[in-house]
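Please look over the sequence and the model below before reading on.

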Amino acid sequence: MLSNATIKAFVPTVKPAEAKTFYQEILGFKLLNEDNYALEFDAHDTLLQVIIVPELKAQLFTVLGWNVGDIKDTIRQLNAKGIFCERYEFMEQDDLGIWTSPGGSNVAWFKDPDGNVLSLTE
């Protein structure tokens, strides 16, 4: 039924101006629409709506993530823009914040201006 439909992702924000800068200028997504309810971006052919909400309690889990070809390069590019990966005491991470999963994937997490957890996987 929905296998051929375009997926749309949603992330909440209480800081729309900061979220706009983050998703547009830091992550490089094209802003498609902006109103009093949401910011809509083209995130590599996925519609990303950053929904403006009156209050927000950021969750501890990943809300949005990307598969990348070179996680170290991607993290270094984020670092150059002032974005650094999260460190978690309960897992072993390298100097860039990368954790190697039992299956061999490399994963790292960072946060948007609202504290939403975002991830990278290689």
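Predicted model: local features only at pLDDT ≥ 70, side-chain atom pairs only at ≥ 80, totals over all residues.

Residues are numbered from 1 along each chain as its sequence is written, and side-chain values use heavy atoms, with hydrogens and water left out.

Four strands form an open sheet in the order S1-S4-S3-S2, with mixed pairing. Helices (H or I, at least four residues) and strands (E, at least two) are DSSP runs, numbered from the N terminus; two strands pair if DSSP finds at least two bridges between them. Strands S1 and S2 are the edges, each pairing on one side only.

| Strand | Residues |
|---|---|
| S1 | 8-13 |
| S2 | 30-34 |
| S3 | 38-42 |
| S4 | 47-52 |

S1 and S4 pair in the parallel sense over six bridges. Val11 stands opposite Val50 in S4.

Helix H1 (residues 16-26) packs on the sheet and touches S1, S2, S3 and S4 (contact: heavy atoms within 4.5 Å). The direction of H1 makes about 5 degrees with that of S3; axes are lines fitted to C-alpha atoms, for helices over the stretch in contact, and angles run from 0 to 180 degrees between N-to-C directions.

Ala19, Phe22, Tyr23 and Ile26 are the buried residues of H1 (buried: under 20% relative accessible area; exposed: over 50%; partly exposed in between; 1.4 Å probe, protein chains only). Seen down the axis of H1, its buried residues fall within an arc of 110 degrees, so they line one face of the helix; the arc is that of the directions from the helix axis to the C-beta atoms. Exposed Ala17 and Glu25 sit on the face of H1 turned away from its buried side.
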